[in-house]
Amino acid sequence: MALYDTLFSQLDVTSSQHLVTDSDFRSVSFRKQLSETVQSLLALKVIPIFNENDAVSTRRAPYQDSSGIFWDNDSLAGLLALELQADLLVLLSDVDGLYSGPPSDPNSKLIHTYIKEKHQGEITFGDKSRLGRGGMTAKVNAALCAVFAGIPVVITSGYATDNIIKVLQGKRIGTLFHQDAHLWTSVKEVGAREMAVAARDCSRRLQALHSEDRRKILLDIADALEANESLIKVENEADVAAAQDAGYETSLISRLALKPGKIAGLAKSIRVLADMEEPIGRVLKRTELADGLILEKTSCPLGVLLIVFESRPDALVQIASLAIRSGNGLLLKGGKEAKRSNAILHKVITSAIPNNIGDKLIGLVASREDIPDLLKLDDVIDLVIPRGSNKLVSQIKNSTKIPVLGHADGICHVYVDKSAKADMAKQIVLDAKIDYPAACNAMETLLVHKDLSNNGLLNELIVELRHEGVILYGGPRASSLLNIPEVHSFHHEYNSMAFTIEIVDDVQAAIEHIHQHGSSHTDCIVTENHEVAEIFLNRVDSAAVFHNASTRFCDGARFGLGAEVGISTSRIHARGPVGVEGLLTTRWILRGSGQVVDGDKGVIYSHKDLPLQLQL
């Protein structure tokens, strides 16, 4: 009670303790007085806290006997909720809510909405909680009693910050008990694990198809997109209008809109992907281990991919086509701003997948609240690729054991060296900034050799950029020289018609600046000095490094990959635009004729490289 007093006093609220026993509730007058007392205390901003009066309790075994009107704090809470006709009962636990089995079991899943007819026989309760008397069994029993009387109940963690507030805000946390819950699930809910397992099963059927059959699926998808273009356009325009009404940033709306010709372009890229060399089952290396013992290293799908992306509905099409080409199952979670666009694109794509594979090959995750459950499935999901803000990527990396592939920022640099041709420099800088400012491969920082501030090229660049409506911010040297606002941080991604400019002494200073402030995405040098160019190309530690070419070329389609699931700045597995090859791994196939190891006594190892043979 001292702790309650201290905590509530910080909110200018007083707390009061009330000790009760079973026998008190046998009195009608007490129960009437109880309700009046609580209402009076709440009106005075006093929080009543109830507990059993152990000192005078007649219970035979206080921590075991369940024969009374209440027998632990959970049943007491349920009883009080009934007596006070509460609007809501929140039961706090040491776990996130009610699980289908012991929370420590990796196969257990959190039940978001309890349906007695469905879950009563499915749940396996674990040991009693370390805290309190009854554990989860007592909480469920108390919840069912309250729900029977029409009082909704939420069981959630008492350790998570602001959980009670989140419950009151209607957030989908913990487990909800409601007398009408059975009416909300007339359509069978598909849980995170079921969705992931279904995608895995479908992917294995996809891998078993002949190459030409997988190719036909992609061609059918391309045809379906074009045939449904008008319907897709209607849904996308509705998303764009809603985003504008909601006041979303211009850069997000730009990424959201499927501009004229976009569907045709997506269909074309899918056909290019379909006509590429078969990626699955390629023999990468053949080795004779010993006489009659042949080892092959072959390409194979990763398994099940979870892609979380924001804004861009065209990303759904690219990712889905790459997953099918590479034989992977796929779970997609797009941003709420593109909900209608993603739904119609998903419907069009999955309708083109034959029944012998199943449309569950590609699952569309409906709710953001499903993401935490999916991120726990490291035994089913093989790779997570987040495409979005730095915050999104960081949250996902901190929330899962599943490998994460992607990039947080796209802070791309263009360095204009003193030997650069003026016209080429202007052309590259303008394209890198204004061709598509919202893209992750757009220039965000322009580095200029100090000598160019004297020969007029720097001023020419600035005039051209301002003429196009670009807003300039400067580092310490550039802001002073050009009289422009000084940037607060070089590590800033504008995603708009704005960028940072800074003056550097030479190529080495440019490289150091990029390493200190860049994001290892795409960086470019404009120079006619090939020695300087090679220094830049070899020393800049980024996923893509260009000489005399716009950063906007860093793209899966432009690289000839057909499409991309994203651009990776990590150094493990795949780097740069991730196409089909980035979604594959390898496995080993050994063919023998009865050999055994037997301590290596009868085996003479040759480890001889053999010519590759294409696997049909």
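Guide: Let us begin with a term: two strands are said to pair if DSSP finds at least two bridges between them. Please also keep in mind that this is a predicted model.

Visitor: Fine. In which sense do β1 and β2 pair, and over how many bridges?

Guide: Strand β1, residues 14–20, and strand β2, residues 46–52, pair in the parallel sense, and 7 bridges join them. As one example, Ser 15 has Ile 47 in β2 as its bridge partner.

Visitor: What does the chain cross through from β1 to β2?

Guide: The chain passes through helix α2, residues 28–43, and this β-α-β crossover is right-handed.

Visitor: And what holds strands together in general?

Guide: Strands of a sheet pair through backbone hydrogen bonds, in either a parallel or an antiparallel manner.

Visitor: Let us move on to the sheet with β13 in it. What is the strand order there?

Guide: The order is β15-β16-β14-β13-β17-β18, in an open sheet of 6 strands with parallel pairing. The edge strands are β15 (471–474) and β18 (544–547), each of which pairs on one side only. From one strand to the next, the twist averages 20°.

Visitor: Which helix packs on that sheet and touches β14?

Guide: That is helix α16, residues 422–434. Helix α16 touches β13 (412–416), β14 (443–449), β16 (498–504) and β17, and its direction makes about 160° with that of β14.

Visitor: What about α20, where does it lie?

Guide: Helix α20, residues 530–539, lies across β13, β17 and β18, and runs at about 175° to β18. Strand β17 (residues 522–526) and β18 themselves pair in the parallel sense over 4 bridges. In that pairing, the bridge partner of Ile 525 in β18 is His 547.

Visitor: New topic: Glu 235. Is it buried or exposed?

Guide: Glu 235, which is found in helix α9 (residues 229–245), has a relative accessible area of 18%, so it counts as buried, the cut-off being under 20%.

Visitor: Which residues does Glu 235 touch?

Guide: Leaving aside residues up to four places away in sequence, Glu 235 touches Arg 340, Ser 341 and Ile 344.

Technical notes
Residues numbered from 1 in each chain as written. Predicted model: local features only at pLDDT ≥ 70, side-chain atom pairs only at ≥ 80, totals over all residues. Heavy atoms only, no water. Helix = DSSP H or I, 4+ residues; strand = E, 2+ residues; numbered from the N terminus. Right-handed = clockwise from strand over helix to strand, strands pointing away. Axes fitted to C-alpha atoms, helices over the stretch in contact; angles between N-to-C directions. Contact = heavy atoms within 4.5 Å. Buried < 20%, exposed > 50% of the residue type's maximum accessible area, 1.4 Å probe, protein only.
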